[in-house]
Amino acid sequence: MILFWAGLLAVTTSLYVLLDGFDLGVGILFAFADEPNRRKMLSAISPVWDGNETWLVLTGTILFGAFPAAYAALLSTFYLALVLMLCALILRGVAFEFRYKARGFRWFWDLGFAGGSLVATFVQGMTIGALVEGLPMENGHYVGGALGWLSPFAVLCGVGLVLGYSLLGAGWLVRKCEDPIRAFAYRMLPILTVGVLVFLACAFVASLVMHLELMQRWLERPYLLVFPLVGAVATWGLLRSVKQRDDFGPFRFSALIFMAAFGTLAVSFWPFMIPFVLTVEQAASPPSSLAFMFWGAGLFVMPLTLIYTTMVYRLFRGKVVEVHYD
Amino acid sequence: MMWTALLLSRVQFAFTVSFHIIFPSFTIGVAAWLTMLEAFHLISGKPVYRRLFDFWLKIFGVTFGLGVVSGIVLAFEFGMNWSRLSEVTGPIQGPLLTYESFTAFALEASFFGVLLFGRSRVTPAVYLLSTMMVALGTTFSAFWIMVNNSWMQAPVGYAVENGIFVPTNWKAIIFSPVVWVRFPHMLVAAYLTGAFCVAATGAWYMLRGIYAAEARVMLRMGLFLAALLIPVQLFVGHLNGDYVHDRQPAKFAAIEGRWHDEQPASEVLIAIPDESTETNRIELKIPYLGSLIASMRLDSKEVGLTSFAPQDRPPVAIPFFAFRIMVGCGLLMMALAWLGSLYLLFERKPGQRLLLWATFLSFPLPFVATLTGWFTAEVGRQPWSVYGALRTADAVTPTLSVQAVTVSLIIFAVVYVVIFSFGTLYVYRLLKAGPVESKPILPLNPKRPLGVIGGDNPVAKTTQEGALL
């Protein structure tokens, strides 16, 4: 049961990263466009962003329900970072509706949209970085102070995720939009790919230099290198699809890169939920809670959710038709 | 008073939850109203229902977004500010919130996209189904939140093992009698909110002499629905009082403004409770009525606040006054809905403007009632986070600093004030612009790569001469 929920948590987290990842990425790239291209970029994500963001809530509540100790420890540790992320998501979320209703204040909501996307992404990257680096904990509570987790490595990971989500976003744009947005996204794709690769190299070197405990696990289990290998192949595929102007390739391959990176992290964390402090087993709810969640949410509602998410994506497939607003 | 991280966290939670609850209580009602309109349109084919649907969908769009984003904040605050609570009651509250996010959040967020952008891509039946799914999602959401909150009010079906609240009986938790009076109370409150907002909009247009057809539908449907629902709400509200009397005696005594045990008990109608002297300063009360309301007998003994140790008493003034404001709003709404409905049934002409003005000005009443209802329930629960089992002081994140919460409280306050002001302005503009002629539904081929079809739609025309726009 613990395994099931840990697995499902991995699934919802990766779905969140992929889905909200691309619309956050579009939000970051949005800063570089002008009207009416901004309208079209928004149209490419408008019908689905709300559903995408829901995966963050699903992930959060699964963590709360199945692993309350980890939920309590993580959320209280990253208190100020999360306040920042939530406000960024709020401004970004209301901007979808408000920018069309605004008269003189459209610039404000556009700023909120692009800035909110950027800040939310950066914060998510920083928290992952801080987790990789390791958190000093006592009795399930962080003892490093309100901003103790803020380190150069965390900032590096924040930048890395901004590049990564932008890559996903550019991949989504070539798939959903036409020229000139498509052309713009095709120009950005190689740059972003190189950016992500440079970030990965930096993170790798930094981990070696800092002797992160995480690296030890890789040296012990070299077969785990299959994940970075998949990532490398996907990068090659991505660059090839850009060259061939295959509109569907870039998103798929950048998603694959993300999956490889996610897999890399997940297996290097395992069996810890918060690295080297709290294991999945220790964080888990009692069996009566896990079973209650399994027989309803896990067995029925989750597949149903996946089915209608797929349906909605199918409904809005193809190149975008600009959404009409009053 | 010391501004501790605990107190600031309580202020922050009270602020964010009060802000949030305005929107779901409105959108649950409006989602049901949209479903009704879409169904009526499918059955009758009258264009007025389509126009009303498109009009209210825009308002729904603005408010729904505000409800969603402010709800996400709450889902995080549990872990951020109340990590001890999350840790020890997580095995119970966590799964309930997981069910909420799975059955409600995901459902409404996904189908809301179809509602806004999918009219031309699905059949009318599927569109109606999507509307129903959004309405269903909002209702599920309210249900699980009420299950969770009711467990905090009257915890059942658990055992404490090593300081952790372990669920022993999920049926007892979900089918707790407390849930089944509190959930209907919330749901009817949401429907009443929708009904009064719709009726008030109709009255406003009538007063200005515009959109006659739409205004008539809105005024009638809103007032009739409210007239039917208000007595139900008063009855369910009374049942809520029973559960508080039986399970939260200290909260009950605070609501009643009763300081000392009384037999038979009188009912305090209005007073100024004074915690320092443990008495009411000015007091208007009716003998015997207190016993009658609390226990349905004329001579029952009712418990006063001084029967509880001072550290186990809730603050008195907030639940005392909030409860009276809630009931007052309810009675006003009942008078208005009943008189208005009778008036409409008999089609009187004199006094029409009076009714329209009263209805127009009534739209804040359900919001005030819902908010004060929450204040009564939540402040009355203090000093407990989980009633009788976990104190609020033991629920807060132990490592939280005063500076951190101060910063977060200020940021949230600024952001909320900004988005609330603009949200209100945009809703007001939509209401002022009024319903417009529905756009023709252009069938789209989703596979055809075209970029501007939607953008070429003819400019919408207003339905009436002289209307704004």
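Salt bridges between chain B and chain A come to 0, a salt bridge being a side-chain nitrogen of Lys or Arg within 4 Å of a carboxyl oxygen of Asp or Glu. Polar contacts do turn up there: 18 residue pairs, both partners at pLDDT 80 or more, link chain B and chain A this way. For a polar contact, a pair of N or O atoms has to sit within 3.5 Å; within protein, one must be able to donate a hydrogen and the other to accept it, and residues adjacent in sequence count only if both atoms are side-chain atoms. The model is predicted, with local features needing pLDDT of at least 70, side-chain atom pairs counting only at pLDDT 80 or more, and totals for chains, interfaces and linings using all residues. Residues are numbered from 1 along each chain as its sequence is written, chains are lettered from A and ligands numbered from 1 in the order in which they are written, and side-chain values use heavy atoms, with hydrogens and water left out.

On to the rest of the interface. Some 81 residues of chain B are in contact with 70 residues of chain A, contact meaning heavy atoms within 4.5 Å. About 6,700 Å² is buried between the two chains, 75% of it from carbon and sulfur atoms; buried area here is the accessible area (1.4 Å probe) that two parts lose on being put together, summed over both. On the side of chain B that touches chain A, the elements giving two or more residues are helix 2 (47-81), helix 3 (83-117), strand 2 (164-167), helix 5 (170-174) and helix 13 (402-433). Helices (H or I, at least four residues) and strands (E, at least two) are DSSP runs, numbered from the N terminus. Helix 3 of chain B gives the most to this side, with 27 residues. By residue class, the side divides into 51 nonpolar, 23 polar and 7 charged, where Ala, Val, Leu, Ile, Met, Phe, Trp, Tyr, Cys and Pro count as nonpolar, Asp, Glu, Lys and Arg as charged, and the others, Gly among them, as polar.

Over all chains, the salt-bridge count is 20. One of them pairs Lys101(A) with Glu97(A), the closest N and O atoms being 3.2 Å apart. Both residues lie in helix 5 (residues 79-101) of chain A, 4 residues apart, or about one turn of the helix.

Just after helix 1 comes Gly45(B), with a positive phi of about 75 degrees; just after helix 13, Gly434(B) takes a positive phi of about 75 degrees.

Strand 3 (residues 267-274) and strand 4 (residues 279-286) of chain B run antiparallel, joined by 6 bridges; strands pair if DSSP finds at least two bridges between them. Ile270(B) has Leu284(B) as its bridge partner, and Asp274(B) stands opposite Thr279(B). The two strands form a hairpin with 4 residues between them, and Glu278(B) in the turn has a positive phi of about 55 degrees.

Most residues other than glycine have a negative phi, and most peptide bonds are trans. Tyr288(B), with phi near 70 degrees, sits in the loop between strand 4 and helix 9 (289-295) of chain B. The peptide bond from Gln263(B) to Pro264(B) is cis, with omega near -10 degrees.
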